Amino acid sequence: MASRRERLSAAAKAERALLAVSKAAGDDGEIVMTKKAIGDLAGMSEWNVRTALEQLRDAGLLEIEVNRRSSMGGGQIANTYRLTDDARALIGARAEGAQAR
């Protein structure tokens, strides 16, 4: 029996997460968002999003600023994600390739 969510490679998960962040980001390539919200946009679990975001950061495609509450124990809240110039170029090239088809 197949699961509702398709099985994706790590690269495909990273690509989905990158595209979800890029769609939600403003013109400056920055967005404040929870991993759950990114997962909802990308059709992925929060755990898979976490792994994908780490891979994107390690590849130099995404900057992650961890935001914490200043009160109530300093727990983590939605992070700030910034697309790097390399990510923007990659997304732009992908979009141009799709238009050429």
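The face of helix 3 that points away from its buried side bears the exposed residues Trp47 and Asp58 (exposed, over 50% relative accessible area; buried, under 20%; 1.4 Å probe, protein chains only). The model is predicted, so local features need pLDDT of at least 70 and side-chain atom pairs count only at pLDDT 80 or more, whereas totals for chains, interfaces and linings use all residues. Residues are numbered from 1 along each chain as its sequence is written, and side-chain values use heavy atoms, with hydrogens and water left out.

The secondary structure consists of 4 helices and 3 strands, taken as DSSP runs numbered from the N terminus (helices, H or I, at least four residues; strands, E, at least two). From the N terminus on, their order is α-β-α-α-β-β-α. Of the 101 residues in the protein, 30% are buried.

The 13 residues of helix 3 should span 18 Å at 1.5 Å a residue, and this agrees with the 18 Å between its end C-alpha atoms; the expected span is 1.5 Å times one less than the number of residues. Val49, Ala52, Leu53 and Leu56 are the buried residues of helix 3. They lie on the same side of helix 3, because they cover an arc of only 100 degrees around the axis, the arc being that of the directions from the helix axis to the C-beta atoms. The cover over these buried residues includes helix 1, helix 2 (35-42), strand 2 (62-65) and strand 3 (79-83). Gly60, which follows helix 3, has a positive phi, near 80 degrees.

Helix 1 (residues 10-24) packs against helix 3 (residues 46-58) at an angle of about 85 degrees, and the axes are 8 Å apart. Axes are lines fitted to C-alpha atoms, for helices over the stretch in contact, and angles run from 0 to 180 degrees between N-to-C directions. Helix 1 and helix 3 are therefore roughly perpendicular (65 to 115 degrees). To this contact (heavy atoms within 4.5 Å), helix 1 contributes Ala10, Lys13, Ala14, Ala17, Leu18 and Val21, and helix 3 contributes Asn48, Ala52, Leu53, Gln55 and Leu56.

Helix 2 and helix 3 pack at about 100 degrees, with axes 8 Å apart, and are therefore also roughly perpendicular to each other. Here Lys35, Lys36, Ile38 and Gly39 of helix 2 meet Glu46, Val49, Arg50 and Leu53 of helix 3.

Technical notes. Angles under 35 degrees count as roughly parallel, over 145 as roughly antiparallel, 65 to 115 as roughly perpendicular and the rest as oblique.
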